[in-house]
Amino acid sequence: MPPTTTDSLAREGRLRSIYDVRTADTPRTACQVEGAMPPWLTGTLLRNSVTRFDVGAGRVPHLFDGLAMLHAFTVGDGGVTYTARMLDTADRRSRAAEDRVTLAGFAVDPCRSRFQRFMQLFKPALSDNANVNIARLGDEFLALTELPMPIAFDPETLETLGVSHALPPSPGKVAHTTAHPLPDAATGELVHYMTRFGPRSQYEVHATRADSNRRLAKLGVREPSYMHSFGLTDRHVVLHENALVVNPLDLARARAPFIQNYRWKPELGSRLHLFDRATGEHRGVWETDAAFCFHHVNTFEDGDETVVDMVVFDDPTIIDELYLDHLDDDTRIRPQNRVRRLRLAPGGKVVADETLYGGESFELPRIDDAQAAGRPYRYTFATGFLPDGPGADPSLLRIDLERGEAARWQAAGQIPGEPVFASAPDAREEGDGVVLSVVLDTTSDRSYLLVLDGRTFEEIGRAWAPQAVPLSFHGSFFSTD
Ligand code: CO
């Protein structure tokens, strides 16, 4: 078979397979293993995917509004099992029962009368379709999205347990949260932020344990920014305000789906806020040229400077590109991005603004959390899943931030997902472990768990699922040791 390039994937309509695959709830099934799993690798890779875009005679318009489906690859004793289950949410049930969307999501909004829109101000009908990420808080496993509706599930059976009250604010409140809380291994807390909308909107930073929550910091804001993730060091919480901002009144009036109320105002620049983790003090605002960030890569302290690394785009066109109609159009230009490093010195001074890597389309950056999170580091792993040129198959990247170059795993017709790092038990240096990615083989319409050596970035083994796994945004490996 001749090599399948991305262009031919698009021509054959197979680029659709990043969101349009046949997938179903699957009882736990043994996977066929090629190569070998590392003997020390014991635990479960939990992934949160989007699927089932069809509703009624049409479909939801945006990739971010597919229904949540959980997938688990469990590794142990050299074997691997797979199971999958749709998240059982009110959004899913109402789409099925009424053949239409009845709850407000990211880029979809139910039709409402003026009276219903008025009532929306007091009792918002928000989606509980938690399709972005997975987090663990104490013994509870949570599926997360950016609306404040975490859904608890059983990590073995993937059975939905219901809306969780574990993370503030209370479910259903008019707020926007992050699907990327960050764990503090020292305290066992999950640190996260939210935007509360109202006549006086504010950002809040919280640290939450299974049995308690404390608000670390708050900051009033007139036009809240659309933010997706944040930075954390042992001393600071870093919020990067994208210049994509909203008038809270527009959200309250609910005349357009959530994200369409936001406006790109590059003249505002990117604004970074540092909060002292110990005192909650707002340390100031650092302003620099506007760039759009979904994902922080890592953040660390260097003397009295704070170093903030992010994957950024020139503007938020990427949100537009992820409408299904646009994904179907292979003539569209996929936006390129880069790893931007900002160095923040006391007094609001941005003392350096560098590009550590760029020139292609990549996203879903991860690091070797155990060795690198909050510290100086060298590598980030990412997915080149927005193909951008002739002959460019999607790929996995290990980006060397010191040298500005990347090692690459790539194969014809293979669409890899977010690379998750799993540390070896005796890990001493960054890269001691394996990189796990769920890859869709478009030639057989099945997916497999790919295991790459963390140092050489070469394949160690793969474990075939009995079906195709649709595009998943995020997940994590939960070790059982
Ligand atoms: Co994300």
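Residues are numbered from 1 along each chain as its sequence is written. Because the model is predicted, local features were considered only at pLDDT of at least 70 and side-chain atom pairs only at pLDDT 80 or more, whereas totals for chains, interfaces and linings use all residues; side-chain values rest on heavy atoms, with hydrogens and water left out.

Helices (H or I, at least four residues) and strands (E, at least two) were taken as DSSP runs numbered from the N terminus, and two strands were regarded as paired if DSSP finds at least two bridges between them. An open sheet is formed by five strands in the order β1-β7-β6-β3-β36, with antiparallel pairing. Its edge strands are β1 (26–30) and β36 (472–479), each of which pairs on one side only. From one strand to the next, the twist averages 15°; for such angles, axes are lines fitted to C-alpha atoms, for helices over the stretch in contact, and values run from 0 to 180 degrees between N-to-C directions. Within this sheet, strand β6 (residues 67–76) is joined to strand β7 (residues 79–86) over eight bridges in the antiparallel sense. In this pairing, V75 lies opposite V80 of β7.

Helix α2 (residues 90–98) has contacts with β6. In α2, D91, S94 and R95 are buried (under 20% relative accessible area; exposed is over 50% and partly exposed in between, with a 1.4 Å probe and protein chains only). These residues cover an arc of only 105° around the axis and therefore lie on the same side of α2, the arc being that of the directions from the helix axis to the C-beta atoms. An α-helix has 3.6 residues a turn, so residues three or four places apart point the same way. A96 and A97, on the other side of α2, are exposed. The buried residues of the helix pack against β4 (54–55) as well as β6, contact being defined as heavy atoms within 4.5 Å. Just after α2, D99 adopts a positive phi of about 60°.

Strand β21 (residues 270–276) has six of its seven residues buried and is therefore largely enclosed by the rest of the structure. Strand β18 (residues 236–241) runs antiparallel to β21 and is joined to β21 by six bridges; here V237 stands opposite F275. Strand β22 (residues 282–288) is likewise antiparallel to β21, again through six bridges, with H273 facing V285 across the pairing. The hairpin of β21 and β22 has five residues between the strands, and G280 takes a positive phi near 80° in this hairpin.
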